[in-house]
Amino acid sequence: MSFGVVRRRIASGGSNLFSAQYLRGIRPSISAGRVRSVAEKEILHQCRSFGHVRNFSHLLSHGGLASPQSLRVAFASMQQSSMMQLNGRNFSSDNGDLLDVVVPPLAESITDGTLAKFLKNPGDRVELDEAIAQIETDKVTIDVTSPGAGVIQKFVAKEGDTVEPGTKVAVISKSGEGVAHAAPSEKTSEKASSQAAPAEKIEKPKAEAVSEKPKAPSPPPPKRSATEPQLPPKDRERRVPMTRLRKRVATRLKDSQNTFAMLTTFNEVDMTNLMKLRSDYKDAFVEKHGVKLGLMSGFIKAAVSGLQNQPIINAVIDGDDIIYRDYIDISIAVGTPKGLVVPVIRNADSMNFAEIEKEINTLAKKANDGTISIDEMAGGSFTVSNGGVYGSLLSTPIINPPQSAILGMHSIVSRPVVVGGNVVPRPMMYIALTYDHRLIDGREAVFFLRRIKDVVEDPRRLLLDI
């Protein structure tokens, strides 16, 4: 009885596939490494290939798989785990010398990606888990790695192709046999042919010059009128396709603009006390926590306090309902060379300054390296965007759906401010809150932004909860 027969009978719900007595008899032989029948060999082989020998033998223990329903659950679990293993690591082809390089699983919500570029060439030697190509998805870039050591025999996909998980993109020869190492000579021949082509074009007119009749001179191009616009020449323009990440960002921002009734309110913050706090304790903070104390953690703590005081800012409209979130997950907008990504700080309301700074550093590094995962960018109930790192003085940020508001930070500029009846220079920052006016009234938005201002200007409020 083959494993396929076993699987089909289990799927069909056969009640007499195995008796409980027979199943209990299998376990000792499997546990002791003794296999008595062909069916048991098949089951043991599949269990080993799935990595579930211990779990399967446990299920076959006393009364474990007496019913077909239990068998169906067990075999379905093994098959699912097997597929996860196949998707999680690139697998080899039936030929023992050749390995197929396939696209790894992208994410639960992503069905395909674009083969952005190959990092290697045919004939190159690669090691186990070495990156061969990059797949660009709507949110992240994923490496396609080698399933084993060998020499790249050929590519079976082209850059720019849309690929799905499991799609074969290259073939690797473990021994290096059958690999064409003539890539340089091919390039040389291509260059030689390209150099020879102009010579042929020059020679042909000489040979045909005797038989050709002299052509009449072409008329001069028509003169442009004074009112006709002078368009730039096409040879000075370049057309390149948008990356999937850029297309995704464009779609989401336009959807946000079309969906929300966005309104922005502004305020300004005196950064004197927060900057002094950082200056006074930066060395002790690094010594104890191993991370620098920045301004971002202060604003996130202030945003948490504001969201707790104004829960409607943390809510969202869903159809005819309002969803109030009893958690605070703050998204941080990070600009990368490939586009904008928004990783999420989970449960920011339960984190201290050091934990927030560590999480920001970790997520920002992953975002810039292109190693951030989909799960690390999913969700989020409120966004903080710091355009000040690029020198932005003032802006109106766009809401990141499905959220209802976004806080915009800007550059710190020394400006004259009246303090105690005297004009003194102070480091000032403009802050902006863009919110969905369908859900949030101006009163709540102004109160929220005022809370940000109060906490940043006097961080002691966080200790006293006032």
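User: Which residues does Asp329 touch, not counting residues up to four places away in sequence?

Analyst: Asp329 touches Val344, Ile345, Arg346, Asn347, Gly380, Ser381 and Phe382. Contact here means heavy atoms within 4.5 Å. This is a predicted model, in which local features need pLDDT of at least 70, side-chain atom pairs count only at pLDDT 80 or more, and totals for chains, interfaces and linings use all residues. Residues are numbered from 1 along each chain as its sequence is written, and side-chain values use heavy atoms, with hydrogens and water left out.

User: Why is Asp329 called buried?

Analyst: Its relative accessible area is 8%. Buried means under 20%, exposed over 50%, and partly exposed in between (1.4 Å probe, protein chains only). Asp329 has 8%, so it counts as buried.

User: What makes the pair Asp329 and Asn347 a polar contact?

Analyst: The backbone nitrogen of Asn347 lies 2.8 Å from a polar atom of the Asp329 side chain. A polar contact is a pair of N or O atoms within 3.5 Å; within protein, one must be able to donate a hydrogen and the other to accept it, and residues adjacent in sequence count only if both atoms are side-chain atoms. The 2.8 Å distance is within 3.5 Å, so the pair meets the distance cut-off.

User: Why is Asn347 called partly exposed?

Analyst: Asn347 has a relative accessible area of 40%. That lies between 20% and 50%, so Asn347 is partly exposed. Asn347 sits in the loop between β15 (344-345) and α10 (353-369). Helices (H or I, at least four residues) and strands (E, at least two) are DSSP runs, numbered from the N terminus.

User: Why is Ser411 called buried?

Analyst: Ser411 has a relative accessible area of 13%, under the 20% limit, so it is buried. Its place is the loop between β17 (405-409) and β18 (412-419). Beyond four places in sequence, Ser411 touches Gly388, Gly391, Ser392, Leu393, Met428 and Met429.

User: How do you know that the largest nonpolar core lies between domain 1 and domain 2?

Analyst: This core has 68 residues. A nonpolar core is a set of buried Ala, Val, Leu, Ile, Met, Phe, Trp, Tyr and Cys residues joined through side-chain atoms within 4.5 Å. Domain 1 (99-173) and domain 2 (260-463) both give residues to this core, so it lies between them. The domain bounds come from an automatic or database domain assignment.

User: Which helix gives the most to this core?

Analyst: Helix α9 (residues 296-309) does, with seven residues. Ile300 is among the residues with the most contacts inside the core.
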